[in-house]
Amino acid sequence: MTQLSLTFACLDYDRTRALQDGRVKPEGIDLNFLALPVEETFFRQLRYQEFDLAEMSLSSYVLTLDQEDPPFLAIPVFPSRYFRHQSIFVNARSGIEQPADLAGRRIGVPEYQITAGVWQRGMLADEYGVDPCSPQYFSGGVETPGREEKITLDLPDGLKVQPIGPGQTLSAMLASGEIDALMSAHVPSCFGRAPDVRRLFADPKAAEKAYFAKTGIFPIMHTVVIKRAILARHPWAARSLTKAFQASLRIAKEDLLYRSALKVMLPWLDDHVAETISALGEDYWSYGVEPNRHVLEVFLRYSHAQGLAKRLRTPDELFAGSADTGYAI
């Protein structure tokens, strides 16, 4: 039988590896897996729509839905989740001692719209009373000059977001004190080298565990999007792909629990897995709308409140309806 040939761009994750190496095959689909860095995938898909399906920033995807002719529709698959307390950095000379001190400060962001930043600003607003409109944001490359927003933003009055200079980087600006803080998706090179740069949360794991215990939120960073033109011709593909991603996720979970030998190069893997399950529960990494409805609702509220999404959407509006629909016998 003829298979539908689709190209998929995604980072090389444990939870997608069975799709990459062929142990899991989506029904009716021949999947060409391109293992690419997330930044490259997002840029190429948002600017040029190069891939049939792709891993995508949740924030960027939500913003594409405001376009006159939205190019993508997602399936409820979440290859990246990440607590983001650990990736807020401050310059100690700024006098920032606690999260509430970020109000009115100069904060660097790689892009205002990135998912990590939406979660960080929302968490700071809900948990510490920091109005997202109070800081002045400086956007640009953390390590390399010239980074721009992947999507043109139409922000409301009152939000202060300006690009840094063409030769500047946020890491260097944080080290020098030109900005007071940095909200990033990764650790800047100045951390551990510049004596004044430290994390906002001295014990981020404890803060993140407490945050989950209070809110039930393990933040979703990325989803998987498919070109709408493909789904218009092959609507069955959404469910076929979702089932395959779920099967690949199950294999990754089984690998984490395998103990005859260590499949991951962590000598105390058993302790780490036990600690994670104790803090987050057995099904801490799940796909589907219903298990993640609360997390998605909070994110959508943040995106709208921060001047990004033009209207407040529901989680069901984000995903192909058939992707998450089972059947009973």
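Trainee: What should I know about the numbering and the model?
Mentor: Residues are numbered from 1 along each chain as its sequence is written, and side-chain values use heavy atoms, leaving out hydrogens and water. The model is predicted: local features need pLDDT of at least 70, side-chain atom pairs count only at pLDDT 80 or more, and totals for chains, interfaces and linings use all residues.

Trainee: In what order do the five strands of the open sheet stand?
Mentor: Strands are DSSP runs of E, at least two residues, and helices are runs of H or I, at least four residues, numbered from the N terminus. Two strands pair if DSSP finds at least two bridges between them. The pairing in this sheet is mixed, and the order is 2-1-3-11-4.

Trainee: Which are the edge strands?
Mentor: An edge strand here pairs on one side only. The twist averages 30° from one strand to the next. The edges are strand 2 (29-35) and strand 4 (72-81).

Trainee: Which residue is the bridge partner of Ala74 in strand 11?
Mentor: Strand 4 and strand 11 (residues 220-227) run antiparallel, joined by six bridges. Along strand 11, Ser80 stands opposite His222. The partner of Ala74 is Val225.

Trainee: Which residue of strand 11 stands opposite Leu53?
Mentor: Strand 3 also pairs with strand 11, in the antiparallel sense, over five bridges. Opposite Leu53 stands Ile226.

Trainee: How many residues of strand 11 are buried?
Mentor: Buried means under 20% relative accessible area, exposed over 50%, and partly exposed in between (1.4 Å probe, protein chains only). Strand 11 is mostly covered. The count is seven of its eight residues.

Trainee: At what angle does helix 2 run to strand 3?
Mentor: Axes are lines fitted to C-alpha atoms, for helices over the stretch in contact, and angles run from 0 to 180 degrees between N-to-C directions. Contact means heavy atoms within 4.5 Å. Helix 2 (residues 38-48) lies across strand 1 (4-10), strand 3 (53-57), strand 4 and strand 11. Its angle to strand 3 is about 110°.

Trainee: How many residues of helix 4 are buried?
Mentor: Helix 4 (residues 115-128) lies across strand 3 and strand 11. The buried residues of helix 4 include Trp119, Arg121 and Leu124. The helix is mostly covered, with a buried count of 10 of its 14 residues.

Trainee: Which hand has the β-α-β unit of strand 6, helix 4 and strand 7?
Mentor: Strand 6 (residues 106-109) and strand 7 (residues 136-139) pair in the parallel sense over four bridges. A crossover is right-handed if, with the strands pointing away from the viewer, the path from the first strand over the helix to the second runs clockwise. The unit is right-handed.

Trainee: Which residue of strand 8 stands opposite Tyr137?
Mentor: Strand 7 and strand 8 (residues 160-163) run parallel, joined by four bridges. Opposite Tyr137 stands Val161.

Trainee: Which residues of helix 9 make the contact with helix 6?
Mentor: The axes of helix 6 (residues 204-215) and helix 9 (residues 269-280) come within 9 Å and cross at roughly 40°. Helix 6 brings Lys205, Lys209 and Phe212. Helix 9 brings Glu275, Ala279 and Leu280.
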